[in-house]
Amino acid sequence: MSFAQNKSKSKILSYIPLLILFFISLNGNSTVNLNFFSINIHYILVYFWVLRDPKLLGYGFIFLSGIISDVIFGIPMGITALSLLVVASVAAYVRVVTVRISLVNDWISFLPALLLANLFYFISMYYSDLPIDYIYLMKNSFFTFIFYPILWSIFSLFLNFIKS
Amino acid sequence: METSRDDLGIAIRSAFIKKGTQQKFSLFALIIISILLIFAESIKAKPINYIKSVIKDLIYHSSLVISYPTKAINGIRNFTSGHMEIYDSNKILKKENQDLKNNLLNNDYLKLENIQLKKLIDENVTNSKNRVTARVMIDKQSLYLNSFIVSSGSNKNIKKGMAVLDGRNFIGRIVDVNYFSSRVLLVTDLNSKIPVIMEPAAHQAILSGRGNDPLTLDYLPKDQMIQDGNVVYTSGKEGLFTPGIPIGTVLKKSNQFYVSLFSDLSQVLFVNINVGDNESK
């Protein structure tokens, strides 16, 4: 495969995270609820790509994706956007201060990102006079944290594939 | 301490305020916009509401377009699962239908068997002491060998030479006994020779089997007065069988006497074996 072909392949593949971001927002799949499980794919996606390759997932797109999610789920505009930007902020900070990339480092640093994002989400919802399901919020945070390594592995493989 | 605080400041500034590599917006600015948007939600002004409704409409329509593939996949999945359900239920229904058909056939067979068994019970009530009932297992007959295999043997005290009846009519005798089965040599067999007596003249003769041809009466007295329709019974001579078991009627054709059996041998399902014959011996 020639250099130009490789470059175009890499360019096309690099849009996939963005496509996933908008697809899950527009399709209302940002949170996967399976019986007892509840996983926020949105947070994991944003955290991973901002941490590992922020070029592929611009902050403006993250903001827009949050706005779309808010409209789709019928919550006040800006709440999910704010939560996602908080996740992106923590990821950006971790990226600046971290030298060595590893799953354990990423996973541990994902916990404060998740807690902060949910704190902002909770405060915003609280002032919007909307009912909050605390158990759901807790469950969602817990399973999102647990599920992170699985998506981390998939995204890492994909990232290596783009870079190869 | 000073250095560490400086590092933290640099890191935060670098992460939040500066636009990163190829980033058009800074995180800090976007966070501020998000907070403003949340506050704007509580403001009830016409222009803001108008803008919001335009944005929402745009997002709803985009979502509709984006969700088409998902809906299509769900539709295909539902269709496939529905199809599979129909396929499975069709298989179950087919099996049920087959079972019901089999049951119907079985019912018909049981009805027939019931009729046969009722007949046998009636007969057994009157002759329960002397007779053993057996089912005809194999009735493949040939030109040379007319016999049945019945489902009782020495386990029911059946012995060679015992008379075999269809209902009350004589049809043959036991020629071979196993533990659970026996062979019945039918009166039509070429080897079958039965001493008989005819009513009302009381003439004695030997009833000879002739394969598929009608049975003949041999060794008749010269001055016999046998008529068409006279009844033929076992004579009990030589102590072979119980005397007086009906066999058939005489048919006279061009001075030759034949016997038409009371029983249709091709329709026999159960037989009575005259165990009393053994005692009489």
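In this predicted model, strands β4 (residues 169–177) and β5 (residues 182–186) of chain B run antiparallel and are joined by five bridges. Strands, like helices, are DSSP runs numbered from the N terminus; a strand (E) has at least two residues and a helix (H or I) at least four. Two strands are said to pair if DSSP finds at least two bridges between them. Within this pair, B:D176 stands opposite B:R183 of β5(B). Both strands belong to a barrel of six strands in chain B, closed in the order β1-β2-β5-β4-β3-β12 with antiparallel pairing. From one strand to the next, the twist averages 45°.

A further barrel in chain B is closed by six strands in the order β6-β7-β8-β11-β10-β9, and here the pairing is antiparallel. Strand β9 (residues 231–234) and strand β10 (residues 246–253) of chain B are antiparallel and are connected by three bridges. One of the residues involved is B:V231, which has B:T249 in β10(B) as its bridge partner.

Residues are numbered from 1 along each chain as its sequence is written, while chains are lettered from A and ligands numbered from 1 in the order in which they are written. As the model is a prediction, local features need pLDDT of at least 70 and side-chain atom pairs count only at pLDDT 80 or more, whereas totals for chains, interfaces and linings use all residues.

Chain B as a whole contains 12 strands and four helices. Of its 281 residues, 24% count as buried. A residue is buried if 20 or more other C-beta atoms lie within 10 Å of its own, exposed if 12 or fewer do, and partly exposed in between, with C-beta atoms placed from the backbone. Among the contacts in chain B with a separation of 6 or more, 53% are between residues 24 or more positions apart. A contact here requires that the C-beta atoms of two residues, placed from the backbone, lie within 7 Å.

Two loop residues of chain B were examined for their backbone angles. Most residues other than glycine have a negative phi. B:N157, which is not a glycine, has a positive phi near 65°. B:N157 lies in the loop between β2 (147–150) and β3 (163–166) of chain B, and it counts as partly exposed because it has 13 C-beta neighbours inside 10 Å. B:Y219, also not a glycine, has a positive phi of about 60°. The loop that holds B:Y219 is the one between β8 (213–218) and β9 of chain B. With 11 other C-beta atoms within 10 Å, B:Y219 is exposed.

In chain A, helix α5 (residues 79–97) packs against helix α6 (residues 103–127) at an angle of about 155°, and the axes are 9 Å apart. The two helices are therefore roughly antiparallel, a term for angles over 145 degrees. Axes are lines fitted to C-alpha atoms, for helices over the stretch in contact, and angles between N-to-C directions run from 0 to 180 degrees. The crossing of α5(A) and α6(A) is right-handed; a crossing is right-handed if the near helix is turned clockwise from the far one by less than a right angle, and left-handed if anticlockwise. Among the residues of α5(A) in this contact are A:V86, A:V90 and A:V94, and those of α6(A) include A:L116 and A:F120. By class, the contact of α5(A) with α6(A) has 14 nonpolar, three polar and no charged residues. Ala, Val, Leu, Ile, Met, Phe, Trp, Tyr, Cys and Pro count as nonpolar, Asp, Glu, Lys and Arg as charged, and the others, Gly among them, as polar.

Helix α5(A) also meets a helix of chain B. The axes of α5(A) and α2(B) come within 9 Å and cross at roughly 160°, which means that α5(A) is roughly antiparallel to α2(B). This crossing is left-handed. Residues of α5(A) including A:L82 and A:L85 meet residues of α2(B), among them B:I31 and B:I35. The contact of α5(A) with α2(B) divides into 11 nonpolar, two polar and no charged residues.

Across the contact between the chains, 27 residues come from chain A and 28 residues from chain B. Nine residues, the largest share of the side of chain B that touches chain A, come from α3(B).

Definitions and conventions:
Parallel < 35°, antiparallel > 145°, perpendicular 65-115°, else oblique.
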